[in-house]
Amino acid sequence: MSYKILIVDDEAANLRLLERLFRHQFNVLTASSGAEALEIIKLHDVALIITDQKMPEMTGVEFLKLTSEMRPHTIRIILTGYTDVHALIEAINSGIVYKYVTKPWVNEDLQQTVVKALEHYETVKAHY
């Protein structure tokens, strides 16, 4: 099954790296801001979102809170070099974030995390 995944990061280099990492396995959509990503979410039912935490205009957690209302079954991962511990704890405890991964990431570890996240997506989707 070909999953749609959305990658959100305000750093173009990170977007390109992540898109290259996943484009052979998944249908990859990218956005350089939370606002741009919200427009994509309106049009596409994505299985997984990987977002940076520290972005201008809205943080990754703020963005994911909005997506949880729009697409409750979508699995969400935060990728960050900046750690706002309180925001991440709140997001994880409220069920908004599936996992957070620190920058710099290890490609193999991130790929394995994505595979596990998509397995979780299938489980969640099956319940509804």
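**View 1. Surroundings of Thr 51.** Leaving aside neighbours within four places in sequence, Thr 51 is in contact with Val 8, Gly 60, Phe 63, Leu 64, Ile 77, Ile 78 and Leu 79; contact means heavy atoms within 4.5 Å. Thr 51 belongs to strand β3, and with a relative accessible area of 1% it is buried. Buried stands for under 20% relative accessible area, exposed for over 50% and partly exposed for values in between (1.4 Å probe, protein chains only). Helices (H or I, at least four residues) and strands (E, at least two) are DSSP runs, numbered from the N terminus. The model is predicted: local features need pLDDT of at least 70, side-chain atom pairs count only at pLDDT 80 or more, and totals for chains, interfaces and linings use all residues. Residues are numbered from 1 along each chain as its sequence is written, and side-chain values use heavy atoms, with hydrogens and water left out.

**View 2. Helices α2 and α3.** The axes of helix α2 (residues 34-43) and helix α3 (residues 60-70) come within 10 Å and cross at roughly 10 degrees. This angle makes α2 roughly parallel to α3, a term for angles under 35 degrees. Axes are lines fitted to C-alpha atoms, for helices over the stretch in contact, and angles run from 0 to 180 degrees between N-to-C directions. By class, the residues of the α2 contact with α3 are six nonpolar, two polar and one charged. Ala, Val, Leu, Ile, Met, Phe, Trp, Tyr, Cys and Pro count as nonpolar, Asp, Glu, Lys and Arg as charged, and the others, Gly among them, as polar.

**View 3. Helices α1 and α5.** Helix α1 (residues 12-22) and helix α5 (residues 107-127) have axes that come within 11 Å and cross at roughly 65 degrees. The crossing of α1 and α5 is right-handed, meaning that the near helix is turned clockwise from the far one by less than a right angle. Leu 18, Leu 21 and Phe 22 of α1 meet Asn 107, Leu 110, Gln 111 and Val 114 of α5.

**View 4. The largest nonpolar core.** A nonpolar core is a set of buried Ala, Val, Leu, Ile, Met, Phe, Trp, Tyr and Cys residues joined through side-chain atoms within 4.5 Å. The largest has 22 residues, of which Leu 18, Phe 22, Phe 26, Leu 48, Leu 110 and Val 114 touch the most other members. Two or more residues each come from β1 (4-8), α1, β3 (48-52), β4 (75-80) and α5. Helix α5 gives the largest share of this core, five residues. Apart from this core lies another, of 21 residues, among them Val 8, Leu 38, Ile 40 and Ile 41.

**View 5. Arg 71 and Asp 45.** Arg 71 sits in the loop between α3 and β4 and, at 21% relative accessibility, counts as partly exposed. The C-alpha atoms of Arg 71 and Asp 45 are separated by 7.4 Å, although the two are 26 residues apart along the chain.

**View 6. Two loop residues, Pro 104 and Glu 57.** Lys 103 and Pro 104 are joined by a cis peptide bond, with omega about -5 degrees. Pro 104 lies in the loop between β5 (99-102) and α5. Glu 57, in the loop between β3 and α3, has phi near 75 degrees, a positive value in a residue other than glycine.

Note on methods: Angles under 35 degrees count as roughly parallel, over 145 as roughly antiparallel, 65 to 115 as roughly perpendicular and the rest as oblique.
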